[in-house]
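Visitor: Could you take me through this one? I'd like to start with charged side chains.

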Amino acid sequence: MKLPTLEEIEVLHRKYAPSDEAFKSVYIHCQIVAEIAKQLFSSNKNIDPDLVRAGCLLHDIGVYRLYKDGYIDESRYICHGIFGDELLRGEGLPESICRFASHHTGVGISKEQITERQLPLPHQDFFAETEEELLVMYADKFHSKSTPPRFNSASSYKSYVARFGEDQTEKFQNMIDHFGLPNLEQLAVRYGQFIV
Ligand SMILES: [Fe+2]
């Protein structure tokens, strides 16, 4: 499988970003997620680091489709994954890359959750299936594109995800046990952002 190069990935971001501000927000977030993931795969020999990097750098590309008058339409945020998947598929990227977009939200979304919460998503499970997909999903939890952007400690993400049920917290804990915790301090200093 031919993975997109870093240059090709940046070209895609620039192509779909509706503004320079949107590009910076999403692309820098993706780069930070890639750096977090890089800290975590060194101990796991079964992970393809190049695939993880491409997945991190493209996972949120669907967010660009949510920009309206310069702001992200939060009411449709849950759709950014499938929008990204569609966009990447339209660009002819392989299935394994497209899936990073549609299968990284939260700690995975089940068909039941889609029905119960009446989410505007196709009625199917959106779980990370490969080690690479799981790592991209996990690394993404430690950074937010909020205003201002910030790093999330494991405890702050845990308290956030707890509102969606005990099983969601358990899934996050399983990922912590599996991959370990990233060192966010150095990244926070480098990017000049807070850890909450
Ligand atoms: Fe993300």
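Visitor: Is Arg-76 buried or exposed, or partly exposed?
Guide: Arg-76 is partly exposed in this predicted model, at 34% relative accessible area. Buried means under 20% relative accessible area, exposed over 50%, and partly exposed in between, with a 1.4 Å probe and protein chains only.

Visitor: Which residue does Arg-76 form a salt bridge with?
Guide: Asp-73, with the closest N and O atoms 3.1 Å apart. A salt bridge here is a side-chain nitrogen of Lys or Arg within 4 Å of a carboxyl oxygen of Asp or Glu. Asp-73 is buried, with a relative accessible area of 16%.

Visitor: How many salt bridges by that rule?
Guide: The count comes to 13. One of them joins the side chains of Arg-65 and Glu-86, at 3.1 Å from N to O. That pair links distant parts of the chain, 21 residues apart: Arg-65 is in the loop between α3 (49-58) and β1 (67-68), and Glu-86 is in helix α4 (residues 80-90). Helices (H or I, at least four residues) and strands (E, at least two) are DSSP runs, numbered from the N terminus.

Visitor: What about the accessibility of Arg-65 and Glu-86?
Guide: Arg-65 is partly exposed at 40% relative accessibility, and Glu-86 is partly exposed at 44%.

Visitor: And where are Glu-133 and Arg-99?
Guide: Glu-133 is in helix α7 (residues 131-140) and Arg-99 in helix α5 (residues 95-102), 34 residues apart. Their side chains meet in a salt bridge of 2.7 Å, N to O, and both residues are buried. Separately, salt bridges that share partners join Asp-85, Arg-89 and Glu-95 into one network.

Visitor: Changing topic: what is Gln-113 in contact with?
Guide: Leaving aside neighbours within four places in sequence, Gln-113 is in contact (heavy atoms within 4.5 Å) with Gly-108, Gln-118, Leu-119 and Gln-168. Gln-113 is found in helix α6 (residues 111-116) and is buried at 12% relative accessible area.

Visitor: Overall, how many helices and strands?
Guide: The protein has 10 helices and 4 strands. Its radius of gyration is 16 Å, close to the 16 Å that the globule rule gives for 196 residues, so the protein is as compact as a globular protein of that length. The radius is taken over C-alpha atoms, and the rule is 2.2 Å times the number of residues to the power 0.38.

Visitor: What are the ground rules for the model and the numbering?
Guide: Residues are numbered from 1 along each chain as its sequence is written, and side-chain values use heavy atoms, with hydrogens and water left out. The model is predicted: local features need pLDDT of at least 70, side-chain atom pairs count only at pLDDT 80 or more, and totals for chains, interfaces and linings use all residues.
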